Every structure is written in C-alpha cells, then in structure tokens.
Amino acid sequence: MTTFLTRRAALLAAATCAATIGLTAIAEAQTSIKIGYAISRTGPNTGGAAVTTIPNYELWVKEVNAAGGIKLGDKRVPIEVVQYDDRSNAEEAVRALERLINQDKVDFILPPWGTGLNLAVGPTLNREGYPHLAATAVTDRAPELAKRWPNSFWLLGTSADAAKSLVELLSKLRDEKKIGDTVAMVSIADGFGIDLSGAARPALTNAKFKLAYDKTYPIGTQDLAPIVNEIKALNPDVFIAFSYPPDTLALTEQSRIAGLNPKVFYTGVGTAFPLYKQKFGKNTEGVMGIGGWSGDSPAIKDYLARHKASAANGAEPDRWASAVTYASLQMLQQAIERVGKVDRAAVIKDLQTGTFDTVIGKVKLENNMPTRYWWVGQWQDGEFYGVAPAGNEGARKAIVPKPAWVAP
Amino acid sequence: MSARIAGFSALALAALALLAFVPRLGNAYYLALAISLLQYTVLATAWGMFSGPTRYVSLATTAFFGVGAYTVAVLGEILPWPLVLLTAAALGAIVAGIVGLSTLRLSGVYFVIFTFGLTELIRQLVVWFEVNKSRVLGRYVFVNITQADIYWQLLALTAAVFLLGWLIARSRLGFALRVIGEDETVAKHCGINTTFAKVALFTISATVMTLVGAIMAPRWTYIEPSIAFNSMISFQVLIMALLGGAHRLWGPVLGAVPLTLLFELLSARFPNTFTIILGCIFLLIVYMLPRGVAGLFEKLSTRTSGKTAQRVAA
C-alpha cells in the first residue's frame with residue numbers, strides 16, 4: 001500500500017513536472033502564480049526571440065520552480081506558464097495579450113521580443129495595469145514612453161545614448177593618439193540602423209571626426225563586397241556598421257577576405273551573439289560591437305554556466321540583452337516577493353522605487369530606466385567584454401589597434 | 001419583392017443595433033475578437049466586390065491596408081480624426097485609380113503577380129522615403145481612440161460596405177461587371193466601357209480596404225513598414241473570400257467569420273503547429289469547396305428544389 005501511494009505520489013510529481021515543462025498546467029486557485037507571455041516562435045522575429053528571450057524565460061521559470069517557487073508571505077508558490085506564438089505580428093501580439101489577461105487571467109505578463117512588438121503591446125499592458133519590463137527594446141522615445149505609461153520599464157536604453165557612448169570612446173582613443181579621425185559608417189535601412197546612424201552622424205561631426213563614407217543598404221542585401229571594397233580604398237581609421245545579425249556576419253566575413261582591417265572595427269546587432277564567436281573564432285579578437293557585459297563578474301560567469309546547462313544544445317546567451325532580460329525577471333520576482341502578494345499596482349511601485357540585486361549588478365531605476373548600460377563591447381580572448389562607457393563597473397580597456405585578421 | 005427587401009433591411013438593422021452593444025460586454029478579449037471579425041469581414045467583402053464579379057484575383061489588399069495605416073501614422077497627431085480618415089480614403093482612391101488604369105488591362109496570372117508586387121513596391125517606396133528623407137523608420141501613433149471606438153467605426157464601415165455592394169449589384173455598373181466576368185470580349189462588343197467599369201469598382205473596393213487600415217492603425221501605437229505592409233493579410237483575405245464564395249455579396253462573410261474564429265482557436269490551442277494546420281486547411285478549402293460555402297448552399301438548395309420538382313412530377 002505504501003509503495004502504491006509513493007508510486008502515485010511520484011506519478012503526480014512527474015505529471016506536475018511535465019505540465020510545467022510543457023508550460024500548460026491547469027489553474028488551481030491561489031496555489032500558483034500564473035505568468036503569461038506571447039513570443040515570436042514563427043516569422044521574422046524568431047531568431048532574436050530564440051537567442052535572447054525564450055531561453056531566459058525558460059531558465060528563470062525552471063530555476064524558480066526548482067527552488068519551490070516565488071515567495072508570497074511565508075509560503076512559496078510555483079510559477080505556472082501560459083504561452084502563445086505572436087507570429088512576429090503586432091496585431092497578433094496585442095490579441096494574445098488580451099487573451100492572456102481576460103481568458104487565462106494571468107497574474108503577470110512577460111514582454112515579447114523586439115522594439116516594435118514591445119511598443120505595440122504597451123497600451124494594452126498600461127490599460128490593464130500590468131508591469132511591462134521591456135528588456136529588448138531600444139527606442140529614443142523611451143523616456144517619453146515611461147512617462148506616458150508609468151507601468152513600463154525600458155531597460156535597454158536609447159539609441160542616442162548608444163551613439164554618444166561610441167563617439168566618446170572614439171574621441172578618447174583619438175586623444176590618446178591611438179587612432180586618426182577618418183570614419184567610415186554604413187547602416188542598414190531599417191529601424192535600428194536609421195536611429196543609430198541618425199544619432200551618430202551629428203555626434204561624430206561635433207567631435208570633429210571626418211565622415212569619409214556614410215551610406216545605407218537595404219534590409220536583406222546579400223552582396224556587401226562592393227561596400228567593403230569601397231571603404232577599403234578610403235583606408236579609414238574607424239569602421240562603423242549599424243547592422244543586423246545577417247549583415248554583421250557578412251560584413252565581417254567580407255572584411256576579412258578583402259583585408260579591411262582598420263584600427264577600430266565596430267559592427268551592430270549580432271556581434272555579441274555566441275554564433276559570432278563560433279563562426280569567426282580567433283578572428284573575433286579586437287572586434288567591437290553594440291552591447292557587452294562585465295565578463296569578469298562572478299554573477300555573470302555563474303549566469304553563463306547556468307544558461308549553458310539549461311538551454312537546448314548548451315547554447316550560450318548573447319552578451320547584450322540576454323543578461324538584461326534575465327535581470328528583468330529577477331527584478332520582477334524580487335518586487336513580487338517584497339510586496340508579498342499578487343498586487344500589480346504595488347509591484348509596479350516597487351519596480352519604480354526599489355533596488356534590485358541581479359546578474360548585471362545592483363539595479364535602481366530612475367524614471368523607469370536604468371542609469372547604466374553597456375554600449376560598446378569588444379571580443380577579447382573569446383569573451384565579449386564591455387569597454388564603454390568607461391565609468392561602468394568592470395569596464396575593460398579597449399584593445400586598439402585591432403589585431404590583423406588571421407586565416408581561418 | 002419589396003416586402004422581402006423591407007424584411008431584410010429590418011433584420012439587418014436589428015443585427016446592427018445588437019452588434020453595437022458588444023463593447024458594453026466589458027470584456028476586452030471578446031472586443032478584440034469582434035474587432036478582428038469585423039476587420040476581416042469588411043476586407044473580404046470589399047475584396048469580393050471587385051474580384052467576385054470580374055474574377056480578377058487581387059493580392060493588393062495589404063497595399064491599400066498599409067497605405068491607410070501609414071496615413072494615420074503620418075497625420076494622426078496633426079489632423080482631427082475625421083480628416084485623417086478622409087485623407088486616407090482619398091489617398092487609397094488615388095492610388096487605386098492609378099494602379100487600376102495602368103494594370104486592369106492585364107488579366108489572369110499577370111494581374112495576380114502585379115498586385116502582389118504592388119504591395120512590395122509601395123512598401124519599398126515608403127522605406128526609401130523614410131530612410132532618405134524623414135530619417136525615421138517606425139512612427140508612433142498616439143491618438144485618443146479607444147478599442148470601442150475602433151469597433152464602432154468598423155461596424156459602421158461594415159454596414160456601409162454591404163449597402164454599397166447591394167446598390168452596385170442592382171445598378172448598371174454591377175450588371176456590366178457580371179458581363180465582364182463571364183466574357184470580357186462579349187462585354188466590349190455589347191458596348192460596355194469595360195475599363196471604366198473595372199477601374200471604378202477596383203477603386204471603390206480599394207478605398208474601403210484603405211479605410212480599414214486607417215481605422216485599425218491606432219491599435220498598434222507603433223507602425224513600421226513591416227507591420228503595416230504585412231502580406232499575410234492579402235492571403236488571409238483571399239482564402240476567406242474563396243471559402244465563403246466571392247460571387248455573392250454575402251459570400252465572403254461566410255468565410256471571414258469561421259476562419260477568423262478558427263485562426264483564433266488554433267493560435268490559442270496549438271501555438272506551435274499553427275502554420276502546419278493552416279496550410280492543410282487551405283488545401284482542403286481549395287479542393288473541397290471550389291465555389292465556397294455560398295456555392296455549397298446554392299447547390300444544396302437547387303438539389304432540394306430539384307427533388308421537390310421530381311416528387312411533384314411523380
């Protein structure tokens with residue numbers, strides 16, 4: 001009889017486990033915290049969501065539930081997940097959220113991946129009073145949005161800030177006589193590229209850099225060799241590409257082939273991806289890009305190890321928004337635990353005012369935004385360290401000039 | 001006959017009055033679903049208005065929808081809302097007029113390909129302009145319009161579309177289009193100005209689609225070309241109209257309503273296998289219901305009346 005009971009208990013435990021892993025358990029009142037999200041599993045956003053967002057959501061849920069759940073008062077309650085595919089479509093994302101709120105009656109919502117979708121779901125989350133921790137959106141209107149929607153938190157900063165940090169780093173390097181003042185800049189003709197180049201252009205001119213090359217290329221451009229060859233002929237000191245992952249890879253590959261090796265080589269989204277390291281190996285040394293993290297900090301090292309252990313095929317996180325995404329989940333958990341119950345208004349208030357202990361260090365928000373960001377990172381010895389802003393804790397010194405490309 | 005029309009209009013008015021109370025239910029999810037239903041009903045009906053009688057298969061729905069959405073993105077914060085809608089409608093009509101005049105001489109598969117390309121053309125033009133001239137990609141729409149407002153506007157547009165469709169079908173224009181659909185050469189020989197008839201109806205249908213885009217835009221806050229010009233809309237509208245039966249004014253509704261509900265059900269229950277199931281359903285529709293649900297109804301009704309006739313004869 002005892003064996004039968006234990007077997008039944010084991011079965012029950014297994015079933016609960018399967019349900020949480022399958023992420024669709026059935027509700028049981030007050031014994032769990034229901035967390036919902038709609039994420040791009042199909043469509044153009046899939047790549048970004050699969051690298052940066054989904055593994056972190058899954059890692060966090062797994063870890064919290066393994067520890068017994070989120071602490072509410074003096075008991076711990078497990079997280080129960082409801083999730084949908086937003087098909088990378090704004091209308092679908094809005095509807096999925098309305099379904100989560102009204103039909104599934106979830107307690108909290110995790111945001112979708114990317115700037116566009118985060119902006120699309122903003123009004124809904126604001127109207128329904130859910131905290132909105134946007135960890136993968138870069139927009140210059142972030143401060144204004146935070147005012148408009150006090151429940152929204154913009155953790156990745158503004159593109160103007162990103163351009164400013166990069167130009168500050170370049171000015172410092174020029175003052176140290178490490179580089180000259182010719183800059184070649186290319187950008188993708190899409191949201192990210194236009195915003196960043198729009199902010200960098202005046203910043204570079206004001207800092208008296210010579211913009212020898214300044215062109216855009218359409219999204220989906222296959223052959224970037226002409227651009228790279230033209231730039232090589234100009235022999236600039238600095239190469240800046242505000243690019244997306246596919247063209248970040250293509251520009252790097254093409255530069256290696258053509259032997260474009262300026263003193264500063266900077267590429268956009270994707271430089272911080274583990275895929276970049278896999279593809280270019282030793283050739284990543286000295287390459288700069290957007291993002292970065294304090295690779296020496298024990299918290300980040302521990303996070304990297306846990307992420308590798310948890311993700312499918314031991315995938316590594318990217319070195320920019322991944323850690324921020326995970327930190328946003330820690331913040332949400334700490335806010336809920338401090339409030340001690342599912343009181344969304346109080347949780348929002350706590351997020352606005354509290355201090356949080358996360359993998360990216362201590363975070364205290366001001367006007368719903370962090371005060372420190374990593375804007376320029378550099379591959380050094382197989383790790384993508386943050387190098388600017390130099391005032392950040394754990395900032396490394398940039399390696400300039402970039403070492404020559406080696407044969408793969 | 002007039003009694004029947006009176007009965008129909010009374011019924012339609014009652015349904016309209018009843019539907020106007022949906023936002024009062026106070027459930028945002030059902031409201032969202034209702035908005036979605038109305039959106040596709042209007043789009044599919046407008047599509048059927050032109051493509052049904054003429055049998056020109058158009059994939060340009062997204063192009064006009066996107067023009068409407070983008071008009072709101074550009075003018076939404078500058079002009080009062082009715083003016084924004086008027087501008088959107090006018091823009092849609094102008095684009096449709098130009099496109100219609102230059103392409104409705106094409107027919108068959110050439111027209112299909114052109115309309116598909118049109119969406120991409122307009123989208124790339126918008127991107128080019130934003131990149132090189134305005135230097136922003138992605139615009140914000142902050143207008144004071146609630147979900148209920150969107151719903152009511154769509155409901156009014158639905159009513160207008162059905163009224164318009166009914167009036168056209170009874171007019172000389174509607175008759176001309178049916179003749180064109182049967183045989184364009186014959187229509188020309190009968191003295192019908194085929195180009196005028198086609199362009200006129202294409203423009204009307206496109207204007208309605210543009211208005212839908214404009215009305216829907218405030219739902220998203222943020223608009224960029226890939227959101228406004230999402231070619232999935234063209235295909236969904238096409239398949240809805242085909243399922244319902246595009247040769248009847250009321251046909252596309254029979255496709256739009258069940259398919260919208262089905263998409264909703266599938267994405268809620270099978271989020272990960274949604275696209276596979278969708279593909280299978282499309283295949284089934286094309287193979288099993290070549291004339292749509294409306295065609296099925298007609299077949300059934302002729303069969304029953306045929307049987308009665310036989311019985312009477314026996």
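In this predicted model, helices α12(B) and α13(B) run roughly antiparallel to each other. The reason is the angle: their axes cross at roughly 150°, and angles over 145 degrees count as roughly antiparallel.

**Helices α12 and α13 of chain B**

- Helix α12 of chain B covers residues 251-269, and helix α13 of chain B covers residues 274-288.
- The two axes come within 10 Å.
- The crossing of α12(B) and α13(B) is right-handed.
- On the α12(B) side, the contact uses Leu259(B), Leu262(B), Phe263(B), Leu266(B) and Ser267(B).
- On the α13(B) side, these residues meet Phe274(B), Ile277(B), Leu278(B), Ile281(B), Phe282(B) and Ile285(B).
- How many residues of this contact of α12(B) with α13(B) are nonpolar, polar and charged? There are 10 nonpolar, 1 polar and no charged.

**Helices α3 and α4 of chain B**

- Helix α4 of chain B spans residues 81-103 and packs with α3(B) at an angle of about 140°.
- Their axes are 9 Å apart.
- Is this pair oblique or roughly antiparallel? The angle makes α3(B) oblique to α4(B), because roughly antiparallel needs an angle over 145 degrees.
- The crossing of α3(B) and α4(B) is right-handed.
- From α3(B), the contact takes Phe64(B), Val67(B), Gly68(B), Thr71(B), Val72(B) and Leu75(B).
- From α4(B), residues in the contact include Trp81(B), Val84(B), Leu91(B) and Val95(B).
- The contact of α3(B) with α4(B) has 10 nonpolar residues, 4 polar and no charged.

**Helices α2 and α11 of chain A**

- In chain A, helix α2 (residues 46-66) and helix α11 (residues 298-310) have axes that come within 10 Å.
- These axes cross at roughly 95°.
- That angle makes α2(A) roughly perpendicular to α11(A), because the class takes in angles from 65 to 115 degrees.
- Helix α2(A) contributes Pro55(A), Asn56(A), Leu59(A), Lys62(A) and Glu63(A).
- Helix α11(A) contributes Tyr303(A), Arg306(A), His307(A) and Ser310(A).
- The contact of α2(A) with α11(A) divides into 3 nonpolar, 3 polar and 3 charged residues.

**Aromatic pairs**

- Over all chains, the structure holds 24 aromatic pairs.
- One of them joins Tyr56(B) and Phe111(B), with ring centres 5.0 Å apart.
- The ring planes stand at 90°, so this pair is edge-to-face.
- Tyr56(B) sits in the loop between α2 (28-54) and α3 (61-75) of chain B.
- Phe111(B) belongs to helix α5 (residues 109-134) of chain B.
- The pair therefore ties together parts that are 55 residues apart in sequence.

**Backbone details in chain A**

- Which type of peptide bond runs from Ala388(A) to Pro389(A)? That bond is cis, with omega near 0°.
- Pro389(A) lies in the segment after β16 (383-388) of chain A.
- Val400(A) and Pro401(A) are also joined by a cis peptide bond. Its omega is about -5°.
- Pro401(A) is found in the segment after β16 of chain A.
- Ser88(A) is not a glycine, yet has a positive phi of about 55°.
- Ser88(A) is placed in the loop between β4 (79-85) and α3 (90-102) of chain A.

**A recorded span in chain A**

- An unreviewed UniProt entry lists residues 32-382 of chain A as "domain: Leucine-binding protein".
- In the model, residues 32-382 of chain A are 46% helix and 20% strand.
- The end C-alpha atoms of this span lie 41 Å apart.

Terms used. Residues numbered from 1 in each chain as written. Chains lettered and ligands numbered in written order. Predicted model: local features only at pLDDT ≥ 70, side-chain atom pairs only at ≥ 80, totals over all residues. Heavy atoms only, no water. Axes fitted to C-alpha atoms, helices over the stretch in contact; angles between N-to-C directions. Helix = DSSP H or I, 4+ residues; strand = E, 2+ residues; numbered from the N terminus. Parallel < 35°, antiparallel > 145°, perpendicular 65-115°, else oblique. Left-handed = near helix turned anticlockwise from the far one by under 90°. Contact = heavy atoms within 4.5 Å. Nonpolar A, V, L, I, M, F, W, Y, C, P; charged D, E, K, R; others polar. UniProt positions renumbered as here; feature names shortened; annotations may be inferred. Phe/Tyr/Trp six-rings, centres within 6.5 Å; stacked < 30°, edge-to-face > 60°.
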